[in-house]
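This report goes through one protein chain, from its overall form to single residues. Please keep the sequence and the coordinates at hand while reading.

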Amino acid sequence: MFKSTFIKINFTQSIIVLLLIFSSKLVAQSNQTAVLPDNLKWSERTARTILNKYPKAYQIDGTEKPKWDYKMGLVLSAFEKLYQKTNDKNYFDYIKGYADELIDVDGNIAKYDIKEYNIDCANPGKLLFNLYDKTSDKRYLKVIQQLRSQLETQPRTASGGFWHKQIYPNQMWIDGLYMAEPFYTQYTMKYEDGKALDDIARQFELVQNHLVDKKTGLVYQAWDESKEIGWANPETGTSPTIWGRGIGWYMMALIETLDYYPKTHPKYKTLIGYLNQIAKSAEQYKSASGLWYQVADKPDLKDNYLESSSSAMIIYALAKGADKGYLASNYKKQAQKSFDAYLKEFVKKDDKGQVTISNVSSNVGLGGKPFRDGTNEYYVKSKAKDSSSPALAAFMLSAMELNK
């Protein structure tokens with residue numbers, strides 16, 4: 001009996017030891033595969049970093065529950081371009097996984113409420129055009145149509161500009177151009193024979209007339225047509241600060257709208273003119289190394305800092321603008337120089353070859369409770385972060401455009 005018990009115990013212990021050895025090997029193999037190859041381009045290195053950190057795309061920026069959000073739309077649009085460049089199905093599956101997590105079997109977006117009229121909601125819709133083309137899944141088309149319906153009834157300023165949200169009456173925000181216009185342009189060209197092209201051009205015209213600073217040629221973050229909100233300049237209605245990322249949002253809005261805007265339309269050259277104007281102004285306010293500040297027009301402001309998301313967005317827009325022929329070819333060389341400076345200033349690799357990007361502006365805003373006054377001091381005192389979505393996405397896009 002004692003011999004039998006001893007054998008059973010010995011056998012059990014052996015199994016436990018073997019399991020421990022096997023599991024430790026698995027962990028070692030897992031750790032080994034997590035080390036990224038030295039020859040990866042920056043675009044794929046960043047994508048792999050994101051995949052490792054956020055196995056599901058809704059988790060981007062540490063989001064705990066699935067959310068239809070512009071941040072995921074921004075990052076996944078970079079993944080879409082990377083998929084088109086590499087044909088690596090992992091990137092496509094990451095995008096599709098996000099869409100399927102947020103869209104139910106009847107084609108409804110989780111927790112989406114059209115009555116909020118949040119223009120940010122249009123941005124992830126860009127991902128669904130390609131998904132629908134590849135899968136013919138009607139759920140994707142239904143959501144695309146829902147988002148187009150939102151734009152159809154989106155509240156507007158008296159002059160025709162989209163409100164940023166229902167809770168921000170009479171206000172256009174510069175990032176709203178990026179959130180809505182590329183989606184709006186792609187939709188109207190694909191499904192409406194371009195009927196909304198004049199309206200799209202009108203949104204940019206309002207920015208040029210009301211959000212562009214006459215002295216610097218740069219853009220303010222927001223404009224209140226009524227001039228009633230506390231942060232608004234009583235004469236112009238603009239918010240007080242020229243935010244670096246605001247410039248980036250605007251340049252990307254123009255670049256990605258022009259992807260779909262037909263050359264034959266009378267406003268096509270007008271939009272290219274706007275891009276040339278903001279590109280020239282942005283170049284005049286870059287640092288000696290070729291990067292951009294959080295408060296873009298005041299490099300000497302106390303506590304101001306070089307900011308990574310704005311710098312990457314502008315680099316991407318300059319490089320792509322030159323590649324597409326919208327901008328002079330010398331902008332490509334300037335973008336390359338700025339990209340090299342970007343690597344030195346912001347980018348680090350850890351022992352597994354994963355990317356960290358420093359000095360990303362937090363998601364600053366205006367109005368609300370407690371009231372955000374939008375002063376220069378508010379922007380420089382908003383705590384910078386590491387590796388949040390605007391910098392990761394824009395760095396991927398700039399790296400792809402420069403083949404890095």
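## Overall form

The model is predicted, and local features are reported where pLDDT is at least 70. Its secondary structure amounts to 14 helices and 4 strands. The chain has 404 residues, for which a compact globule would have a radius of gyration near 22 Å; the value for the chain is 24 Å, so the two agree. Along the principal axes, the C-alpha atoms fill a box of roughly 95 × 50 × 45 Å.

Of the 404 residues, 55% are buried. The accessible surface is about 18500 Å², and carbon and sulfur atoms account for 52% of that area. Contacts between residues at least 6 apart in sequence were also sorted by separation: 71% of them join residues at least 24 apart.

## Nonpolar core

The largest nonpolar core comprises 128 residues. Trp68, Phe79, Ile247, Tyr250 and Tyr342 are the residues with the most contacts inside this core.

Setting aside residues up to four places away in sequence, Trp68 touches Tyr98, Leu102, Ile103, Ile109, Cys121, Pro124, Gly125, Leu128, Val143 and Leu147.

## Aromatic pairs

Across the whole structure, a search finds 19 aromatic pairs. One of them is formed by Phe79 and Tyr94: the ring centres are 5.0 Å apart and the planes stand at 45°, so this pair counts as tilted. The pair links distant parts of the chain, with Phe79 in helix 3 (residues 70–86) and Tyr94 in helix 4 (residues 89–102), 15 residues apart. Both Phe79 and Tyr94 are buried.

Tyr168 and Trp173 form a pair with centres 4.7 Å apart and planes at 20°, so this pair is stacked. Tyr168 has a relative accessible area of 9% and is therefore buried. Trp173 is buried too, with a relative accessibility of 7%. Elsewhere, Trp42, Phe339, Tyr342, Phe346 and Phe395 are linked into a cluster by ring pairs.

## Loops and backbone geometry

Asn87 has a phi of about 60° and lies in the loop between helix 3 and helix 4. Asn87 is exposed, its relative accessible area being 58%. Lys227 has a phi near 60° and is placed in the loop between strand 2 (222–224) and helix 9 (244–258). With a relative accessible area of 37%, Lys227 is partly exposed.

Lys369 and Pro370 are joined by a cis peptide bond, with omega at about -5°. Pro370 belongs to the loop between strand 4 (355–357) and helix 13 (376–381).

Gly107 sits in the loop between helix 4 and helix 5 (126–135). Its relative accessible area is 0%, so Gly107 is buried. Gly107 and Lys138 are 31 residues apart along the chain, and their C-alpha atoms are separated by 7.6 Å. Apart from residues up to four places away in sequence, Gly107 touches Arg139, Lys142, Val143 and Gln146.

## Buried glutamates

Glu192 is located in the loop between helix 7 (174–191) and helix 8 (197–210). The relative accessibility of Glu192 is 17%; the cut-off for buried is under 20%, so Glu192 counts as buried.

Glu283 lies in helix 10 (residues 268–284). Glu283 has a relative accessibility of 13% and therefore counts as buried. Beyond residues up to four places away in sequence, Glu283 touches Trp292, Leu318, Tyr331 and Gln334.

How values were computed:
Residues are numbered from 1 along each chain as its sequence is written. This is a predicted model: local features need pLDDT of at least 70, side-chain atom pairs count only at pLDDT 80 or more; totals for chains, interfaces and linings use all residues. Side-chain values use heavy atoms; hydrogens and water are left out. A nonpolar core is a set of buried Ala, Val, Leu, Ile, Met, Phe, Trp, Tyr and Cys residues joined through side-chain atoms within 4.5 Å. Buried means under 20% relative accessible area, exposed over 50%, partly exposed in between (1.4 Å probe, protein chains only). Contact means heavy atoms within 4.5 Å. Rings of Phe, Tyr and Trp (its six-membered ring) pair if their centres lie within 6.5 Å; planes under 30 degrees apart count as stacked, over 60 as edge-to-face and the rest as tilted. Helices (H or I, at least four residues) and strands (E, at least two) are DSSP runs, numbered from the N terminus. The radius of gyration is taken over C-alpha atoms; the globule rule is 2.2 Å times the number of residues to the power 0.38. Accessible areas come from the Shrake-Rupley method with a 1.4 Å probe; for residues, only the protein chains shown count as cover.
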